[in-house]
Amino acid sequence: MNKAQNPREIYGKTLLALARENRNIVALDADLSKSTMSVYIENELPAQYVECGIAEQNMLGTAAGLALTGKIPFANTFAVFIAGRAYDQIRQSVSIAKLNVKIVGSCAGLSDFSDGATHQMVEDIAIMRVIPNMTVICPSDANQVEAATREIARYHGPVYMRIGRGDMCDISEKGADFEIGKTYLKREGTQLTVFSCGIMTAMALEAAEQLEGEQISVRVVDVPTVKPIDRESIVSFCRDTKKVLCAEEHSIIGGLGSAVVEALRMERVETDFLGIRDEFGQSSNDLDALRQRYGLTVEEIKRKIREMIAS
């Protein structure tokens with residue numbers, strides 16, 4: 001069993017380390033710093049922290065203003081609030097002007113399991129991906145969260161990064177390189193390629209390992225940058241397998257799967273999706289049970305792959 005780490009904790013500590021090095025980095029929050037973990041900057045570097053209260057639209061407007069002065073603002077709150085409630089400010093104030101604002105949606109997907117549909121954001125990748133000039137990142141483990149946070153701090157331009165609430169199993173090494181727009185081959189295979197992001201990459205790797213005992217060979221490719229997607233590598237990875245499964249903890253409409261299909265539009269490839277089927281989340285006392293309800297499990301990945309191989 002790989003080590004499990006909390007991506008929010010790693011994000012907060014990484015952002016604090018970056019803020020110590022660069023006084024232009026500023027964390028903004030909408031009354032959720034203890035959940036998003038911007039609290040680390042709030043406690044240690046209060047001059048580099050702005051508490052905006054429950055006013056996400058104002059937070060993004062403030063972030064845009066800070067970016068115009070040369071600051072590097074990281075705007076933090078739950079994904080459902082930042083991608084939904086502040087859409088207009090993200091579009092009008094940040095993206096049209098290509099401002100250097102980092103937008104971090106915490107507790108994304110179904111990970112805020114107890115709070116139900118109002119807090120479970122399964123549309124954020126689609127919402128943010130369609131905005132011109134926006135880069136969209138969905139890391140697949142806590143080590144990748146650290147590397148991605150460092151990279152987006154260096155990158156100039158609008159970025160949206162989504163982070164889940166619960167622990168994630170390590171599938172990459174601490175200190176591993178992260179490049180915006182790059183895919184990462186996690187396991188080689190010859191019969192089917194799985195493209196995944198977020199928590200689904202660890203599940204895809206586990207499914208591929210178990211299917212090896214059934215003489216089914218599955219390639220697993222981690223796609224943490226959903227936009228800009230690396231069309232060249234997506235095409236090259238599936239030209240030999242001819243079968244593709246896209247797995248994500250997000251709606252199958254407009255997310256990673258849609259981005260992959262767009263990249264493969266000129267290719268003859270059989271493609272299927274594993275994600276949330278055009279419905280909202282619901283409250284649960286157990287995250288694993290909730291993911292099982294929506295088919296986001298190792299067993300469902302295996303079932304889908306068997307079905308596609310048999311066809």
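**View 1. Cysteine C52 and its closest cysteine sulfur.** In this predicted model, the sulfur of C52 lies 18 Å from the closest cysteine sulfur, that of C107, and is therefore too far away for a bond. A disulfide is a covalent bond that joins the sulfur atoms of two cysteines; here a disulfide is counted when two cysteine sulfur atoms are within 2.5 Å. C52 is buried, at 18% relative accessible area (buried: under 20%; exposed: over 50%; partly exposed: in between; 1.4 Å probe, protein chains only).

**View 2. Cysteine C169 and its closest cysteine sulfur.** For C169, the closest cysteine sulfur belongs to C138, at 16 Å, which is too far for a bond. C169 is partly exposed, with a relative accessibility of 29%. Across the whole structure, the search finds zero disulfides.

View 3. Seven strands, in the order β3-β2-β4-β5-β7-β6-β12, make up an open sheet with mixed pairing. Strands are DSSP runs of E with at least two residues, and helices are runs of H or I with at least four, numbered from the N terminus; two strands pair if DSSP finds at least two bridges between them. β3 (49–51) and β12 (225–227) are the edge strands, each pairing on one side only.

**View 4. The pairing of β6 with β12.** Strand β6 (residues 135–137) pairs with β12 in the antiparallel sense, over two bridges. The bridge partner of I137 in β12 is T225.

**Notes.** Residues are numbered from 1 along each chain as its sequence is written, and side-chain values use heavy atoms, without hydrogens and water. Local features need pLDDT of at least 70 and side-chain atom pairs count only at pLDDT 80 or more, whereas totals for chains, interfaces and linings use all residues.
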